[in-house]
Amino acid sequence: MNCDIIKDLIPLYIDGACSDESKYAVETHLTKCESCKIHYETMSAPLEYEQKTQKVKKAHKIQLFKASILQSALFFVSFLVITVGVALEAATGINDDNGYWAKTLVIPATGFLLSLANWFFVRLYKSRDSFAFASAVTTFACICICGSWGIWHYSGFFQIALLSCGLVYINVFITIGLTAASAFLSSLYAKLLGKE
């Protein structure tokens, strides 16, 4: 069969829209004609590229979905811990234990929640490590600021609150734990978004 006719049939052959006779004619001709075979490979290559591109786009969408779930879960857990802390604090009478739940749950969870605002700026950071470090520092700073407010609220001494940065009455292990968790989770979040 003439090469020009085969070249006209190749797009139909690739799409599977030709008759069985035309399909057989194209396949037979491609085994004998190197020029038409190269033409066929050239025409069919973009389809393979598109399929690979679609797979990459689909994988990227899945990663974005996972990142969104992680961020939403952290917001939800932070709000839940704050709510539980406030409820427990409200149930505590006015005595020496007043403020215990605020210092143990509400203040650290509020600081962590506030530090999650940094996650909205992940694209501004050059690397995943710089983002994780900034998130850890932001978490630590937010917990200290909230702690200072808590100390001032419960003691009335603003200068003491500033000097202690909120770490005197707050469980230091919770602060360190949340700071480390912030570094790990923010690194995971950045990885899910494709940041190197």
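Just after helix H7, Gly194 takes a positive phi of about 90°. The model is a predicted one, in which local features need pLDDT of at least 70 and side-chain atom pairs count only at pLDDT 80 or more, while totals for chains, interfaces and linings use all residues. Residues are numbered from 1 along each chain as its sequence is written, and side-chain values use heavy atoms, with hydrogens and water left out.

H7 itself covers residues 172–192, which makes 21 residues. Helices here are DSSP runs of H or I with at least four residues, and strands are runs of E with at least two, both numbered from the N terminus. From its first C-alpha to its last, H7 reaches 30 Å, close to the 30 Å expected at 1.5 Å a residue (the expected span is 1.5 Å times one less than the number of residues). Several H7 residues are buried, among them Thr175, Thr179, Leu185, Tyr189 and Leu192; buried means under 20% relative accessible area, with a 1.4 Å probe and protein chains only.

H7 has a partner in helix H4 (residues 100–115): the two pack at an angle of about 30°, with their axes 11 Å apart. Axes are lines fitted to C-alpha atoms, for helices over the stretch in contact, and angles run from 0 to 180 degrees between N-to-C directions. H4 and H7 are therefore roughly parallel to each other, a label for angles under 35 degrees. Their crossing is right-handed, meaning that the near helix is turned clockwise from the far one by less than a right angle. On the H4 side, Thr104, Pro108 and Phe112 meet Ile174, Leu178, Ser182 and Leu185 of H7, where contact means heavy atoms within 4.5 Å. By class, this contact has five nonpolar, two polar and no charged residues. Nonpolar covers Ala, Val, Leu, Ile, Met, Phe, Trp, Tyr, Cys and Pro, charged covers Asp, Glu, Lys and Arg, and the others, Gly among them, are polar.

Over at the other pair, the axes of H1 (residues 3–15) and H2 (residues 20–32) come within 10 Å and cross at roughly 120°. That makes H1 oblique to H2, and the crossing is left-handed. Residues of H1 including Ile6, Leu9 and Tyr13 meet H2 residues including Lys23, Val26 and Leu30. This contact has eight nonpolar, two polar and two charged residues.

As for the whole protein, there are seven helices and zero strands. Of its 196 residues, 34% count as buried.

Note on methods
Parallel < 35°, antiparallel > 145°, perpendicular 65-115°, else oblique. Buried < 20%, exposed > 50% of the residue type's maximum accessible area, 1.4 Å probe, protein only.
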